[in-house]
Amino acid sequence: MERAFAVAGRAVVVTGAARGIGLAQAQLLATCGARVVLVDNGSALSGASGHTGAAHEAAAAIVAAGGVAVGCAADLSTLAGCEDAIATCIKAYGTIDGLCHYASPCPDLQGPDAMRDEDIALLLAVNPMAAMRLTRAAWSIMRDQGFGRIVLAPSAALYGAAGNTPYAASKAALIGVVRCLAVEGFEHGIRVNGVLPAAQSRMTEGFLPEPYATWFFERMKPEHVAAGAAWLLSEACDLTGEILAVGGGRVARMQLAESDGGFASGDDPDAVEAAIRSAMAEQQPESFPRDLAERSARVAALFRPAG
């Protein structure tokens, strides 16, 4: 590596860090001089118990390679586990500067009539619930020191994919978490962003053996995602509230857009339908509000007469 990401000396928690993208992230950060906590309870994609020593073994390998790392086998589906993950970082390094939350189960795909409550509950617990609990435990330290970097990982599944409703819903919720935390943290030097990762992982190993899968596995390496997130975790990062699609060396900006819309002349079905058809018109002007306040001001302005 010719030039390291600006994370040297920073204490960073990486979840889902014993394998795949999370492991690549922890390794890259450690190579760049960060002090890393690898959080992973070794569970299977279904959420079933697995190898609880995985995080400690991965951390030991980083230490053997000359890095600074400790493992933590906390269960992030619980409040105690989330608090333990952050406490491990504070105990080991005296502070916490960064949080990168990749950990997520991925139960078998199910249609709308077969969704299981236990899968829904687990996905919500490990994705938006854990994101908020981990942040809550770290926030006061980041705020008081005037520095913090938080990276969450929504999923491209939120664009719509058969059998993915519980998973996509839990990941889509992270966009709201990113956007609100970005507003909360801006004045305190805390930057909060998200990545939509595309990489070979346990979740993508189930791709059908076809040319696309071959191309994907050759091109979409976990290290590409880790590099994008490493910049977002670094001192150089001046972005906040952004969602970036990262994979294979490509970085794209995902934006929340809203058209100017159409106005109904009344509340009868014909008038409402006309407004909906107008709103769906392809050439509608669009705005890209940075936060709710900007969006509200924009909408209010549309109700005011011109001139």
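Biologist: How do the residues lining the largest cavity divide by class?

Modeller: A cavity is found on a 1 Å grid over the protein atoms alone, as a set of points where a 1.4 Å probe fits but cannot get out; lining residues have an atom within 4 Å of a point. Ala, Val, Leu, Ile, Met, Phe, Trp, Tyr, Cys and Pro count as nonpolar, Asp, Glu, Lys and Arg as charged, and the others, Gly among them, as polar. Here the lining of the largest cavity has 6 nonpolar, 3 polar and 3 charged residues. Among them are Cys106, Asp108, Arg116, Asp119 and Tyr167. This is a predicted model: local features need pLDDT of at least 70, side-chain atom pairs count only at pLDDT 80 or more, and totals for chains, interfaces and linings use all residues. Residues are numbered from 1 along each chain as its sequence is written, and side-chain values use heavy atoms, with hydrogens and water left out.

Biologist: What volume does the largest cavity have, and which elements supply at least two residues of its lining?

Modeller: A volume is the space filled by probe spheres set on the grid points, which are joined across faces, edges and corners. For the largest cavity that gives about 90 Å³. Helices (H or I, at least four residues) and strands (E, at least two) are DSSP runs, numbered from the N terminus. α4 (117-145) and α5 each supply at least two residues of this lining.

Biologist: What is the volume of the second largest pocket, and which residues are closest to its centre?

Modeller: A pocket is an open set of points with protein on both sides within 12 Å along at least five of seven lines. The second largest pocket has a volume of about 320 Å³. Of its 15 lining residues, Arg179, Thr240, Glu242, Arg290 and Asp291 are the closest to the centre. The elements giving two or more residues to this lining are α5 (165-185) and β8 (250-254). α5 gives the most, with 3 residues. The lining divides into 7 nonpolar, 3 polar and 5 charged residues.

Biologist: Where is Val272 found?

Modeller: Val272 is in helix α8 (residues 269-279).
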